[in-house]
Amino acid sequence: MKVINPATGAVIAEVDADDAAAVRNKYAVARAAQPRWAAVPIRKRLEAIAKFRENIVARHEALARTLTSEVGKPIRQSRNELNGLLGRIDFFLAEAVGALREEKIYADPTQKLDERITHEPLGVIANISAWNYPYFVGSNVFVPALVSGNAVLYKPSEFATLTGLHIADMLHEAGVPRDVFVPVIGDGATGAALTRQPVDGIFFTGSYATGAKIAAAAARRMVKVQLELGGKDPIYVCDDVDVQAAAAAVADGAFYNTGQSCCSVERIYVHESIHDAFVAAFVAEVKSYKIGDPMDESTYIGAITRRPQLDVLKQQVADAKKKGAKLLTGGGVIRGKGNWFEPTVFTGVDHSMAMMRDESFGPIIGIQSVADDDAAVDLMNDTEYGLTAGVYTNDDKRARRILKRIHSGSVYWNCCDRVSPRLPWSGVGHSGIGLTLSTYGIQTFTRPKAWHLRSA
Ligand code: NAD
């Protein structure tokens, strides 16, 4: 399998992909190894994760450069991802023992009755990952899964394979046995082969389309399936904000990671009384973004990682123009080597347009004027997705009133495009089922076992 730099189109590496037979063998190896790993005391498993963290710190710059070269992410944003990863690992190191401790639920000495819950590892799990934040979406699964005693068959995205192999090396060097954390290398066909193995859980991060296929493939097997999928995340900007500050913050939420975040801002609604001022400030901000070589320290907009996404972006732009939206900046593919799309802003959009309904996953955004909070809430909820949503206002009560009515896994007041390891990360509707992060996202890799104990 060829690894291609999306910024230049150059082949930067070739790796061996796993065929169906190789995937079967890897499953068998992990199945045999898992009970031994589950028997290792949790403190020892945590020591291995702490060593993994040290390995990341030691190789930080080289890892950031590899990530940038294979996904086209600006180098500063690759470093940010690695720094964020360290914080997530710290959360798991601090919380795992408490989250996985045996719970004494009830005791009645008169009846000699004792009721407890233990958190048992699921067994062997498949961790099928996306490329846009490979360190984040991978570690949300494999760190707590390993800590809680599971063996992990880890399939990085075919667009982040080198990063996936680095992760495997660093875990193995840290003391996680090679047969307990097993990288599975390849594209969708390899992923599909992995979902056919009799694993005890499938933890997937990726698109709704692939998530639906995985749910169907696993339906008859009665195993845990967690799907962290896409979004069409809205922001509503109220009439009482500092327009310049809100425009800069929301533009960053829409264009950071070149718009290729699951929780990128994908739709903007602005109160009509500040619409024009907001749009002017927003477009000025977007025009200030530096686009170019992702290895350049000052680059903010990088390459489009998957070449086919350029067609999705072109179609959304053409559809919006045809239906009467007004293009304020950008609007097209940047010709030359690699995959590039101009940062693009539309106003005069509505929900008949694909740009306001389907995930764009790129540097394009539509801004729609709304008359009041009720209209904004109706539009924000008018989606099959429900990953995140946010509101910008100076009024705490107004924010809570609005956010209470929003159907999404996460809600934001005066912030956006944000993930916290302390809070559950989950979606509603086509954004998926299940969760990662928080203490629930540690327990999710276990099954609660009920102990009914009556002494003689
Ligand atoms: P994708 O669905 O194309 O691929 C994801 C993974 O699934 C890859 O490893 C791929 O090889 C594998 N795969 C493809 N077909 C498969 C099949 N039939 N069976 C099993 N595995 C298969 O998604 P992507 O392009 O890697 O990621 C982008 C998508 O991920 C966007 O929709 C984004 O919003 C979403 N995402 C969601 C979150 C979240 O936390 N909710 C985080 C990051 C990305």
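Predicted model: local features only at pLDDT ≥ 70, side-chain atom pairs only at ≥ 80, totals over all residues.
Biologist: Hi! Which residues touch the most other members of the largest nonpolar core?

Modeller: Hello! That core has 83 residues, and the ones touching the most other members are Phe52, Phe181, Val237, Phe255, Ile268, Phe278 and Phe282.

Biologist: And which helix gives the most to this core?

Modeller: That is helix α4, residues 75-100, which gives 11 residues.

Biologist: Let's pick Ile268. What does Ile268 touch?

Modeller: Leaving out residues up to four places away in sequence, Ile268 touches Ile235, Val237, Val250, Phe278, Phe282, Ile365, Gly366, Ile367 and Gln368.

Biologist: What does a second, separate core include?

Modeller: The second core has 27 residues, among them Leu310, Phe341, Ala376 and Met380.

Biologist: New topic: helix α13. Which of its residues are buried?

Modeller: Helix α13 runs over residues 396-404, and its buried residues include Arg398, Ala399, Ile402 and Leu403.

Biologist: Why are they on the same side of α13?

Modeller: Because they cover an arc of only 125 degrees around the axis, they sit on the same side of α13. As a general rule, an α-helix has 3.6 residues a turn, so residues three or four places apart point the same way.

Biologist: What does the face turned away from the buried side carry?

Modeller: That face of α13 carries the exposed residues Lys397, Arg400, Arg401 and Lys404.

Biologist: And what covers the buried residues of α13?

Modeller: The cover includes the strands β10 (233-237), β11 (265-271), β15 (388-392) and β16 (410-413), along with helix α12 (373-381).

Biologist: What happens at the start of α13?

Modeller: There, Asp395 has a side-chain oxygen that reaches to within 3.0 Å of the backbone nitrogen of Lys397.

Biologist: Over to α6. How far apart are its end C-alpha atoms?

Modeller: They are 18 Å apart, which agrees with the 18 Å that the 13 residues of α6 (residues 161-173) should span at 1.5 Å a residue. Among the buried residues of α6 are Leu162, Ile167, Met170 and His172.

Biologist: What follows α6?

Modeller: Gly175 follows α6, and the phi of Gly175 is positive, near 110 degrees.

Biologist: Last one, the ligand. Which residues come nearest?

Modeller: Of the 30 residues around the ligand, the nearest are Glu158, Ser207, Thr210, Leu229 and Glu359. A polar side-chain atom of Ser207 is 2.7 Å from an oxygen atom of the ligand. For Thr210, an N or O atom in the side chain is 2.7 Å from a ligand oxygen atom.

Biologist: What about Gly206?

Modeller: Gly206 has a backbone N or O atom that lies 3.2 Å from an oxygen atom of the ligand.

Key:
Residues numbered from 1 in each chain as written. Heavy atoms only, no water. Helix = DSSP H or I, 4+ residues; strand = E, 2+ residues; numbered from the N terminus. Expected span 1.5 Å × (residues − 1). Buried < 20%, exposed > 50% of the residue type's maximum accessible area, 1.4 Å probe, protein only. Core = buried A, V, L, I, M, F, W, Y, C linked by side-chain atoms within 4.5 Å. Contact = heavy atoms within 4.5 Å. Arc of directions from axis to C-beta. Polar contact = N/O pair within 3.5 Å; in protein donor to acceptor, adjacent residues only side chain to side chain. Near = heavy atom within 4 Å.
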